[in-house]
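The following exercises are to be worked with the sequence and the coordinates at hand. Each task sentence is followed by a solution in steps.

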Amino acid sequence: MGCCGAKDLKSKFVDADVDLSLLDEVLGKYKSIKGSLITILQQAQDIYGYLPLSVLEYIAQETGVKSAQIFGVATFYAQFRLSPIGENLIMLCKGTACHVNGADKIEEAIIEELNIHDGETTEDKLFTLNNVACLGCCSLSPVMMINGETYGSLTPQKAKKILKEIKTKSLAKEAN
Amino acid sequence: MKVVVGLGSCGIAAGANKVYETLREEIDNKGLDIDLKIAGCVGSCHLEPIVDFYDDEGHLDRCVKVSADKVLGLLDKALKKELDESSKITEVDNMALQKQVRIAIENCGYINPEDINEYIANGGYSGLKKVLTEMTQEQVIEEVKVAGLRGRGGAGFPTWFKWNAAYREKATPKYMVCNADEGDPGAFMDRSVLEGDPHRVLEGMAIGGYAMGANEGIIYVRAEYPLAIKRLEIAIKQAKEAGYLGKNIFGSGFDFDIRIKAGAGAFVCGEETALIASLEGERGMPRLKPPFPAQKGFWNKPTNINNVETFANVPWIFRHGGAEYAKLGSEKSKGTKVFALTGKIKKGGLVEVPMGMPLREIIYDIGGGILNDKKFKAVQMGGPSGGCIPAELIDTPIDYESVTKVGAIMGSGGMVVIDETACMVEMAKFFLSFTRKESCGKCIHCRLGTKRMLEILERITEGKGKEGDIETLENLAREVQAGSLCQLGITAPNPVLSMIKNFRSEYEAHIRDKKCPAHVCKSLITYEIKENCTGCTICARNCPVKAISGVLKGQHKIDQELCTKCGKCHDVCKFSAVEIN
């Protein structure tokens, strides 16, 4: 989390021209319920894939919660993303069990294969890498989850092979 | 015949969904008279996917490591009663299950978590009925006191005391909160309970809600546990329909409702005041205590917060009696505890044992010993807030007092086994980098102190450690502990202190001799190829930076200037010719 100098706060967010009316149903349901900000942000992220600046400002305008507070909450929690992600989200488990069983080597393999570090997206927008604290599949460690599917007992070679396969599938889908 | 497929997160990760779908398709296509069911995780995660075949007499054949392409063959054999031993669970693995005493996870892996009737058939909601129709609030609190139940989230605070404090408050409404924000990386007890037996938690919350006088329950659950959330939603809906939640439960006049609130990923929200801030839609930053949540909690109203596993023990206590529960465990730590046994262990998974069981029995008799028969070095308990129990203390009984005495903490139940290949300076660095990242930033000592400590540890692992570093770490640790408001900061230095205490010589080797005894810290090791190199060239072909030279059938050589110490040559060499120094 850390702290985020207020001066360049807005530069942390990505602005995008999105259809704000998609959010009206969520706001209608929750804006009058006290303490619903996190729920609103979660559902907004489900809709847009991340939290664009325009969405945060729209939530502030509609709920009456100060935008500073909304930015504060959006930057505090690990779940909230402030920029768009690639087509395939890799969640690499860095929990204790995975760490002990070689998660760092898996991370190196991903970096080698895709040339992205934690939090980054590949130039072709196919992959985003997110390191996460624990996926709770410790007995299968080291583990990564891609688009909700868990891949366990990884080796660097196995991880690279999985990424290659997903890339091929994604490219084939695009070609169609 | 009844067939049950274990569909917990770990089972699904191992491919259980495909096994289930294959069976479903076969049964539907052929119109077989088979009752196909799902269950949560039985705890033997290393054997997943697990499929249980019950014949019409109720005899169980448990098949393990079942893949989708094998399951139909097994079904065929099961129908003909010809299942051979090779596909079934081994006697040893079965014994490991038998050695446990199961209360919180007694139903996990056996009942269908999405069917309230299976929970009821196993005694479910009878505890709540007894409480609401026969007992006063004081009697309920007294029964929990007799049981000696203590908070399973880590601190081990007596549950009755918290319930009583909230009961004595006059202000209303009151709130009963379940902390399911299982954040310790390496622990998944709560997830398994929620996925495998969600009604149990609802029943426990309703009983506690009655005792303290709350009509609203909230489960604060990690958003990273989508399956747990889904099963909780189903369970709440079913319980409401059946009248175990809602208005006038069992005609007692007691109303109780439960809703789910998904967390958004912050370790600090496991701290109760931070959890309350998060429930109110704010940044999850801890608040000053007192006032305690029992006096001023959620929206400044009396609030009680217990962990999932604590609630999971409650229905059993009211079904069998507090005295019966107190018979289990050691003098001051009653009952059982669920542990997530992971790391360098042969048979990782979930185990529930009576408090006071020696660590040795958990690791060797239940866990099957150390992976690849390496040397056991330590067990890390309590995750980033905890400490380690070194190999020489392996006979320590595992209960709150004994574990604290040796410098670790019980924690929520993460038990990560570490073998000789791990470097304890690097492990301390790992935990501290986690707490540093998760510090909410409110208290300066926690925010900056953990960062300074991490920098020192990083320096040590890079071979730049200097005399006095250990003492500086110890001083900083004391100040972080003294200057932090909540348990995240107070406990953050624990892994470092515990590892210095038990493995000081490893720290000294890094600092004075610039050596990493476990050969982990890259800056302190070199790779060299020995004379027994056969010149097979596999290392040279796998080196990502082309640092290895040599001719076919001739001894190869590593250019130390180019080498990035990735260790690939060591991993691929079939003749153990690559040496780490």
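**Exercise 1: the sheet of chain A**

Describe the open sheet of 4 strands in chain A by its strand order and pairing.

Step 1. The strand order of this open sheet in chain A is β2-β1-β3-β4, and its pairing is mixed. Strands (E, at least two residues) and helices (H or I, at least four) are DSSP runs numbered from the N terminus, and two strands pair if DSSP finds at least two bridges between them.

Step 2. β2 (127-132) and β4 (149-151) of chain A form the edges, each pairing on one side only. From one strand to the next, the twist averages 25 degrees.

Step 3. The model is a predicted one, in which local features need pLDDT of at least 70 and side-chain atom pairs count only at pLDDT 80 or more, while totals for chains, interfaces and linings use all residues. Residues are numbered from 1 along each chain as its sequence is written, with chains lettered from A and ligands numbered from 1 in the order in which they are written.

**Exercise 2: inside the sheet**

Determine in which sense β1 and β3 of chain A pair, and which helix lies across β1, β2 and β3 of chain A.

Step 1. β1 (residues 88-93) and β3 (residues 144-146) of chain A are antiparallel, joined over 3 bridges. A:Ile90 has A:Ile146 in β3(A) as its bridge partner.

Step 2. The helix across β1, β2 and β3 of chain A is α6(A), and it runs at about 155 degrees to β1(A). Such angles run from 0 to 180 degrees between N-to-C directions, the axes being lines fitted to C-alpha atoms, for helices over the stretch in contact.

**Exercise 3: the interface of the chains**

State how many residues of chain A are in contact with chain B, and which element gives the largest share of that side of chain A.

Step 1. Contact (C-beta atoms, placed from the backbone, within 7 Å) links 32 residues of chain A with 42 residues of chain B.

Step 2. On the chain A side, two or more residues come from each of α2 (37-48), α4 (67-76), α5 (96-100) and α6 (103-114). The largest share, 4 residues, belongs to α5(A).

Step 3. This side of chain A comprises 16 nonpolar, 14 polar and 2 charged residues. Ala, Val, Leu, Ile, Met, Phe, Trp, Tyr, Cys and Pro count as nonpolar, Asp, Glu, Lys and Arg as charged, and the others, Gly among them, as polar.

Note on methods
Two residues are in contact if their C-beta atoms, placed from the backbone, lie within 7 Å.
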